[in-house]
Amino acid sequence: MNATRWLDTDENELWRAYLDATRLLFRDLDKQLTRDAGIAFADYEILVLLAEAPDRRLRMSALADASSTSRSGITRAVTRLEHSGRVRRVDCESDRRGAWAELTDTGAAELAAASPGHVAAVRAALLDRIDPADIPALTRAFRAVRDGNR
């Protein structure tokens, strides 16, 4: 059996700071989007993914894989977004078991209206609080984490 590699003081400080910063950042961004645009942070993420996709549509499974939402959570979120008129489900012609989630014109307009406030909140909560010289190193570090967990 391998011995546990416990976190040293610096590693533990990094881990705890990351957890706290992420939790607080998501909380604050969710509050801002809900207050200013009536869109939850998780739903905003889905709308952005659809807006960036070809023809503003993704297979439901691909949408789940690209988002921070589980497959069952994506089903519930897309249903919620359908009820609000932001997204529509489209049957997949090549695979009867599959479906697409497609951003509607209403969803695109609401996303466009919500985005300036969201970007301002991201700047205030994250980018304005770190040294611009640290951005390339942080980007490399989080890409390595992201790419190692795909």
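1. Helix H2 (residues 41–52) and helix H5 (residues 105–125) pack at an angle of about 115°, and their axes lie 11 Å apart; axes here are lines fitted to C-alpha atoms, for helices over the stretch in contact, and angles run from 0 to 180 degrees between N-to-C directions. Helices (H or I, at least four residues) and strands (E, at least two) are DSSP runs, numbered from the N terminus. The model is a predicted one, in which local features need pLDDT of at least 70 and side-chain atom pairs count only at pLDDT 80 or more, while totals for chains, interfaces and linings use all residues. Residues are numbered from 1 along each chain as its sequence is written, and side-chain values use heavy atoms, with hydrogens and water left out.

2. On the H2 side, the contact with H5 is made by Phe 41, Tyr 44, Leu 47, Val 48 and Ala 51, and on the H5 side by Leu 111, Ala 114, Ser 115 and His 118, where contact means heavy atoms within 4.5 Å. By class, seven of these residues are nonpolar, two are polar and none is charged; Ala, Val, Leu, Ile, Met, Phe, Trp, Tyr, Cys and Pro count as nonpolar, Asp, Glu, Lys and Arg as charged, and the others, Gly among them, as polar.

3. The three strands form an open sheet in the order E1-E3-E2, with antiparallel pairing, two strands being paired if DSSP finds at least two bridges between them. Strand E1 (57–59) and strand E2 (87–91) stand at the edges with a single partner strand each, so one side of each has no neighbour in the sheet. Neighbouring strands are turned by 25° against each other on average, direction ignored.

4. E2 and strand E3 (residues 99–103) pair in the antiparallel sense over five bridges, and Val 90 stands opposite Trp 100 in E3. H2 packs on the sheet and touches E1, E2 and E3, its direction making about 95° with that of E3. Helix H4 (residues 71–83) also packs on the sheet, touching E2 and E3, and its direction makes about 115° with that of E2.

5. Arg 57 lies in strand E1 and is partly exposed, with a relative accessible area of 23%; buried means under 20% relative accessible area, exposed over 50%, and partly exposed in between (1.4 Å probe, protein chains only). Leaving aside neighbours within four places in sequence, Arg 57 is in contact with Leu 50, Val 90, Trp 100, Ala 101 and Glu 102.
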